[in-house]
Amino acid sequence: MNVTLAVKQYVSKMIENSGPGMKVLLMDKETTSIVSVVYTQSEILQKEVYLFERIDSQSRDNMKHLKAICFLRPTKENVEHLIQELRRPKYSVYFIYFSNVISKSEIKALAEADEQEVVAEVQEFYGDFIAVNPHLFSLNLQGVARGRSWEPSMLARCTQGLTSVLLALKKCPMIRYQLSSDMSKRLAESVKQIITKEYELFDFRKTEVPPLLLILDRSDDAITPLLNQWTYQAMVHELLGLNNNRIDLSRVPGVSKDLKEVVLSAENDEFYANNLYLNFGEIGTNIKNLMEDFQKKKPKEQQKLESITDMKAFVDNYPQFKKMSGTVSKHVTVVGELSRLVSERQLMEVSEVEQELSCQNDHSNAQQSLRRLLQSPRLSELDAVRLVMLYALRYERHSSSVLPGLMEELSRRGVSERHRRMVKSMVEYGGKRVRGSDLIAPTDAVAKTKQFFKGLKGVENVYTQHQPLIHDTLDQLIKGRLKDGQFPYLGASSLRDRPQDIVVFLIGGATYEEALTVYNLNRSTPGVRIVLGGSSIHNTRSFLEEVMATTGHSGDRTQGSGRHSNRR
């Protein structure tokens, strides 16, 4: 159950199938993202792939000495581009791989266009999703809903993405969905329809306990995406924004030219892989250790290269040293910027109040803490709005609600009307009327605890009381106690045993905090393997855009981003 490995194996197989010789990899916008997240350019170069091109690029040259490996989503536009390509081929031979099921009529159209017989192979390889971490995938889709209903094109894309994950992992699951969400039921039925239609593809070896697909709706837990984060990957996404493993650091004060955009990939960066889920205090200590280790390995300036052996040793060690140097400067820059933002935006104080709002049940204390923080001139507009949203969700029907007063406070602070409108939209999106679960426990869910993680001086990571709703849902599921009344099975059959292989999909987007929950459950529950997916991976900013699009207050929507039987 490793989505990163599944996509990597598909890409390796494509390159292997084309045999020796120089190659070009021909992709579309989405498959470019799918490949770049699991492979670096230098790794693919080692496999004799010397050129990367987009199928929709008009400026490609004729290069008959190259073989073309085409990895494309099976869209009408891509099929049309391929037909044009095959009528006037620019390369010697074509190996065509679609990231999902392609219709027989489209295969026929391609065959008719291939008059020069340059196509060596057409296959389906099911890498139709972004493998973010081994247990986390995304479809890079923003604004999947309109009100409580699917945006039609988004339902089709989520169905394709989800069925391709199942095919890549070789799972034919039983399906459960969130009853309170009509969108969950629609997606469950749509996935089931594909499994039934393509039954030959889903004919995998039966396991003793069938795998399970659980479909949930983001609106059931609108609190998790609003919280500041304190583990490395989640914090980077919240404060800097991770887009297909890339971070834009161009706005960082005094950043060097080669660090304006950096890649953070656990596949190719040992420090990142080891610190992905550690808290900010521990990362501070580990950065310090990394620096010290680097200083020890740094070649001495006066190093004498007297013999051939000395020179050879220097040349052998230099690439490793250069790689380490890049890793050190990258992480020092990233952690330095996170630290600056934490200090500048008072994020420890903000996070303390967030945790109080999301985990405690003391209205009097909560509103006092919130009002006190709203007086601070250093509080950013985003943080002021997210705190009021958390209050609105937490104390929506409280008899002493001070929400009107808090809204006035936002107005006095000069918070934009758009941001103020978002508070109402948030309650419309994820308020009590909408939720199917008991998101907020009636009593003190967690006793107030402050956890100071000792680390580098000036880096104290505090406040990680909150557990996402998905933690309880999965805990109940693993124990066989998840209520059929709230999460029914699609169809007549149900699981008698506790599930072992679980794919969870969050309509409306998942978060890195939820990915951490799944990572911890995988580690603490032997015999259970969980993979989490979402229509996107949210930070607070992208979640607010999702909410505004869903509730009809935003016109913006952006879309991001192999069958092993041959169908020729």
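**Before you start.** This is a predicted model, so local features are described only at pLDDT of at least 70 and side-chain atom pairs only at pLDDT 80 or more, while totals for chains, interfaces and linings use all residues. Residues are numbered from 1 along each chain as its sequence is written, and side-chain values use heavy atoms, with hydrogens and water left out.

**Stop 1: the nonpolar core.** Select L187 and L474. Within the largest nonpolar core, which has 156 residues, these two touch the most other members. A nonpolar core here is a set of buried Ala, Val, Leu, Ile, Met, Phe, Trp, Tyr and Cys residues joined through side-chain atoms within 4.5 Å. Buried means under 20% relative accessible area, exposed means over 50%, and partly exposed is in between (1.4 Å probe, protein chains only). Now colour helix α14 (residues 381-394), which gives the most to this core, with 10 residues. Helices (H or I, at least four residues) and strands (E, at least two) are DSSP runs, numbered from the N terminus.

Which residues are in contact with L187, leaving aside its neighbours within four places in sequence? Show W150, L155, C158, T159, L162, I215, F505 and I507; contact means heavy atoms within 4.5 Å. Another core, of 21 residues, lies apart from the largest one, and L72, L86, Y91 and V122 are among its members.

Stop 2: Move to A188 in helix α7 (residues 182-197). A188 has a relative accessible area of 0%, so it counts as buried. Beyond four places in sequence, A188 is in contact with I175, Y177, I215 and L490. Draw a distance from A188 to Y177: they are 11 residues apart along the chain, and their C-alpha atoms are separated by 6.6 Å.

Next, pick V350 in helix α12 (residues 347-359). Is V350 buried or exposed? It is buried, because its relative accessible area is 0%. Not counting residues up to four places away in sequence, V350 touches N228, R345, L373, L379, D383 and L387. V350 and L374 are 24 residues apart in sequence, with 9.7 Å between their C-alpha atoms.

**Stop 3: H466 and its partner.** H466 is found in the loop between α16 (417-430) and α17 (469-478). This histidine counts as buried because its relative accessibility is 11%. Show side chains here: that of H466 makes a polar contact with that of E513, at 2.8 Å. A polar contact is a pair of N or O atoms within 3.5 Å; within protein, one must be able to donate a hydrogen and the other to accept it, and residues adjacent in sequence count only if both atoms are side-chain atoms. Leaving out residues up to four places away in sequence, H466 touches I223, T224, L227, Q355, S358, C359 and E513.

**Stop 4: empty space.** Rolling a probe the size of a water molecule over the atoms shows where empty space is left. On a 1 Å grid over the protein atoms alone, a cavity is a set of points where a 1.4 Å probe fits but cannot get out, and a pocket is an open set with protein on both sides within 12 Å along at least five of seven lines; lining residues have an atom within 4 Å of a point. Grid points are joined across faces, edges and corners, and a volume is the space filled by probe spheres set on the points.

The largest cavity holds about 100 Å³ of space. Select its lining: Q178, L216, D217, R218, D220, D221, L469, I470, T473, F487, L506 and E514. The elements giving two or more residues to this lining are β11 (212-217) and α17, and α17 gives the most, with 3.

For the second largest pocket, the volume is about 950 Å³. Of its 34 lining residues, Y39, T40, Q41, R246 and V263 lie nearest its centre. Helix α2 (29-38) is among the elements that each supply at least two lining residues, and the largest share, 6 residues, comes from α2.

Stop 5: E48 is found in the loop between α3 and β2. E48 has a positive phi of about 70° although it is not a glycine. Most residues other than glycine have a negative phi. E48 is partly exposed, with a relative accessible area of 29%. N140, in the loop between β7 (136-138) and β8 (145-146), has a positive phi near 55°.

Finish at R88, in the loop between α4 (76-87) and β4 (93-98). R88 counts as exposed because its relative accessibility is 56%.
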